[in-house]
Amino acid sequence: MWVKSGLLPLLFSYLLALVLTIMPIPSVLEPWRPDWVSLVLLYWLIAIPHRVGFGTVLVMGLLTDILMGSTFGIYAIALVVMAYPALRHFQRIRNYSLTQQLIIVAVLILMKRVIVYELEHVLNDAVFNLPYLYPVLSSAIIWPWLFLILRRYRRRYLIR
Amino acid sequence: MKSLFEHGPSLRTRLLLALIVAGALMFLDHRLQTMQPVRSFLSTATAPVQYLAVLPEEVMDRLVYLATTRSALREDNQRLRDELLGLQMAVQRLNFLENENARLRQLLGSEVRAASRRMAAEVVSVATDPFSHQVVINKGYQSGVYEGQPVLDNRGIVGQVVSVARNTARVLLISDQSHAISLRAERNDIRVIAQGTGSLTQLELNFIPHSAELQEGDVLVSSGLGGVFPEGYPVAEINLINRDERLQYAQVFVTPYAQLDRVRTLLLLWPANAQEQPIFEEDMEASEVNDVG
């Protein structure tokens, strides 16, 4: 069977993102936990869009739904909607400076979280509280480092 | 390098397709509730991710345990012995009271309360979604866990099981926004309903008239109504009452006894009237042996 180069490292990065999403951390840091799944997906969507597309995003969304125990499809829809602008404009976003990318990532993650909230609100009568949006900030702050680490990771394991 | 737009349907079509798939799954799950078997299967399949997530913590605990000195262990042992002695003395008294209670209930002609069975479980992961307060525990239907089972910690009621996989189960905490529990004030038997607010340290009592005889500091225990939670376990303490006459009802906030933000070891309870039975590991091994023999 012919496996594209760097398939295992790619899958490993997804697994790591999922593990970090549900890993227990001190309750003080809990509201600030970065949105790992969105961040990692965004990086791969921008870096190798011919390989990582809506299919991957959908599967990751459903896995997140299972791990979070939310209604099937909530995270999937939010992530798919978030992936669209990234896939549409990947060439432009790639060439932005890290600061500009950071702003775009923040906006995309804000959008994703707002969609998740709206769906939860409609389906399960969720009530909004501000700490839900803290991860937008922490994710944006962590983006430049994540970008650099994942770029090195991609080059090291020849994921293309 | 291949360009994105060379072949296959356009980006917008694919977006639409992905949205339709996700939307259909959501409809199936939420409106028709037909996804329970799929959900159970996928939870079993993703259980390794959950075990992986707690691995660093377990390794850390193990290292700390290995690093404890002999004298510290000895001190610990001594302390536990003393504690055990105290508890054993309390249990003697409890046994006596239980027997007396059963006799009195028989005299009154009401049903005697049978003892419930329990099993300890470890928390393997917490759902970080602020809209749903859930934890995942390391016991599943293999151990006899069932949906709607009450879960406690050493201080009070924590929540109930909402979905069960093979080796894991998902527990909805009492602080979840969609969870409400029927309680009764220990002091004067006023029945109240405590609804989760989405905060781990606060629940709210619904529909309390301004004249209700509740005080700050009152202890609320489970009422046993509703059939999920057994009667008489401590749940929360009233910490704030706002009797603002402009509001239709008094605002009452209560603090749960269970430490919902740092749950680690939980207790699964099989009430006496439950049809399911706990299956302990020894039993499992024994039954396997029997199967072989």
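So, which residues in helix 1 of chain A are buried? Keep that one in mind for a second. Quick reminder before we go on: this is a predicted model.

Okay, the answer. In helix 1 of chain A, the buried ones are L10(A), S13(A), A17(A), L18(A), V19(A), T21(A) and I22(A). And what do they pack against? Within chain A, helix 2 (36-47) and helix 3 (54-68). From chain B, helix 2 (36-67) and strand 1 (117-126).

Now, the wider contact between the chains. Here 42 residues of chain A are in contact with 41 residues of chain B. On the chain A side, helix 1, helix 3, helix 4 (74-88) and helix 6 (98-124) each give two or more residues. Helix 3 of chain A has the largest share, with 8 residues. By class, that side of chain A has 26 nonpolar, 11 polar and 5 charged residues.

Last, chain B itself. You'll find 4 helices and 12 strands in there. The C-alpha trace of chain B spans about 80 × 65 × 45 Å along its principal axes. Its radius of gyration is 24 Å, whereas a compact globule of 293 residues would come in near 19 Å. Buried residues are 29% of chain B. And of its contacts with a separation of 6 or more, 57% join residues 24 or more positions apart.

Key:
Residues are numbered from 1 along each chain as its sequence is written. Chains are lettered from A and ligands numbered from 1 in the order in which they are written. This is a predicted model: local features need pLDDT of at least 70, side-chain atom pairs count only at pLDDT 80 or more; totals for chains, interfaces and linings use all residues. A residue is buried if 20 or more other C-beta atoms lie within 10 Å of its own, exposed if 12 or fewer, and partly exposed in between; C-beta atoms are placed from the backbone. Two residues are in contact if their C-beta atoms, placed from the backbone, lie within 7 Å. The radius of gyration is taken over C-alpha atoms; the globule rule is 2.2 Å times the number of residues to the power 0.38. Ala, Val, Leu, Ile, Met, Phe, Trp, Tyr, Cys and Pro count as nonpolar, Asp, Glu, Lys and Arg as charged, and the others, Gly among them, as polar.
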